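Trainee: I have a new model open and would like to learn how to read it. Can we go through it feature by feature?

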Amino acid sequence: MGNGAPQIRSYYETYWSEGRRTFSGSNQPYAANFRRWMDEELRGLKPDAPVIEVGCGDASFTMDLARHSSCVTAIDISAGQIEENARRLPAITFLQHDVSERFPFEDSEFEVVWCSEVLEHLFDPAFALREMHRILRPGGRLLVTVPYHGILKNVLIALFRWNQHFAPDNPHIRFYTKETLARIVREAGFASPRMRTCGMCAPLRDLFVPTNILLSATKGPPGGAE
């Protein structure tokens, strides 16, 4: 990201050091739905399958991944948060890395990529997805979550939360519908994206306005049609 990289790293150091209570995955009302989905998707995973979390933040979901595999790696742009995570969870490999740069892993190194609430923060999400595709083994699984956008939610934002949603200090710079998320994932080389939505465990609200898109996809065999 050239000259902007140090500024972005500094931003996310502050993001986690000062905003952890606000941004922690475990403090979000949709966290229980994410964990249920993870359990469904990773049921039957080999206990030593190599798993990577791209953008682990404060490791809220890294700990859940470690229930499914003894071989979990997690990366994040914030060096301070990575150091704290490593102290708390020494059985997990934590590495500081800016996902706008080539990932420090070999081709086909991992069985599962978990990337939760990250793509909306990236200037070039397509690059990050291509890197996720590169480091996955053929047949490996990509699991992604992003904030949901759709016609009804967009109308409600326009009526009631326009300024807040698009405020200059909002850390989200990309906004996805199910169609645009599926397209960018396919363009990165993944096959058969499957999607569902979830809410924030508020039954009436969730019925009409989901909060998140949950996407799973696979990496096809070498030379195969993807």
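Trainee: Let me start with one side chain. Is W114 buried or exposed?

Mentor: First, keep in mind that this is a predicted model. For burial, look at relative accessibility; under 20% means buried. W114 has 0%, so W114 counts as buried.

Trainee: Which aromatic ring pairs with W114, and how are the planes set?

Mentor: For a ring pair, read the distance between centres, then the angle between planes. The whole structure holds ten aromatic pairs. In one of them, the ring centres of F61 and W114 are 6.1 Å apart. Their planes meet at 55 degrees, so this pair is tilted. F61 is buried too, at a relative accessible area of 6%.

Trainee: Where in the chain do F61 and W114 sit?

Mentor: In distant parts, which the pair links. F61 lies in the loop between β1 (50-54) and α3 (62-68). W114 belongs to strand β4.

Trainee: What geometry do F105 and F110 show?

Mentor: That aromatic pair is edge-to-face. The centres are 5.1 Å apart, with 90 degrees between the planes. Both F105 and F110 are buried.

Trainee: Which residues form an aromatic cluster?

Mentor: One cluster is made of Y11, Y12, Y15, W16 and F23.

Trainee: Now a charged residue. Where is E120 found?

Mentor: Look in the loop between β4 (110-116) and α5 (125-135). E120 has 1% relative accessibility, so E120 counts as buried.

Trainee: Which residues is E120 in contact with, leaving aside its neighbours within four places in sequence?

Mentor: T145, V146 and P147 are among them.

Trainee: Let me zoom out. How many helices and strands does the protein chain have?

Mentor: Count eight helices and seven strands. Then compare the radius of gyration with the globule rule. The radius is 17 Å, close to the 17 Å that the rule gives for 226 residues, so the protein chain is as compact as a globular protein of that length. Its C-alpha trace spans about 45 × 40 × 35 Å along the principal axes.

Trainee: What share of the residues count as buried?

Mentor: Of the 226 residues, 51%. Check the contact range as well. Take contacts between residues at least 6 apart in sequence: 70% join residues at least 24 apart.

Trainee: And how many positive and negative side chains are there?

Mentor: There are 25 positive and 27 negative ones. The centres of the two sets lie 5 Å apart. As for the accessible surface, the total is about 11300 Å², with 55% belonging to carbon and sulfur atoms.

Terms used. Residues numbered from 1 in each chain as written. Predicted model: local features only at pLDDT ≥ 70, side-chain atom pairs only at ≥ 80, totals over all residues. Heavy atoms only, no water. Helix = DSSP H or I, 4+ residues; strand = E, 2+ residues; numbered from the N terminus. Buried < 20%, exposed > 50% of the residue type's maximum accessible area, 1.4 Å probe, protein only. Contact = heavy atoms within 4.5 Å. Rg over C-alpha atoms; globule rule 2.2 N^0.38 Å. Areas by Shrake-Rupley, 256 points an atom, 1.4 Å probe, with all protein chains shown as cover. Lys, Arg positive; Asp, Glu negative; His and termini not counted. Charge placed at Lys NZ, Arg CZ, Asp CG, Glu CD. Phe/Tyr/Trp six-rings, centres within 6.5 Å; stacked < 30°, edge-to-face > 60°.
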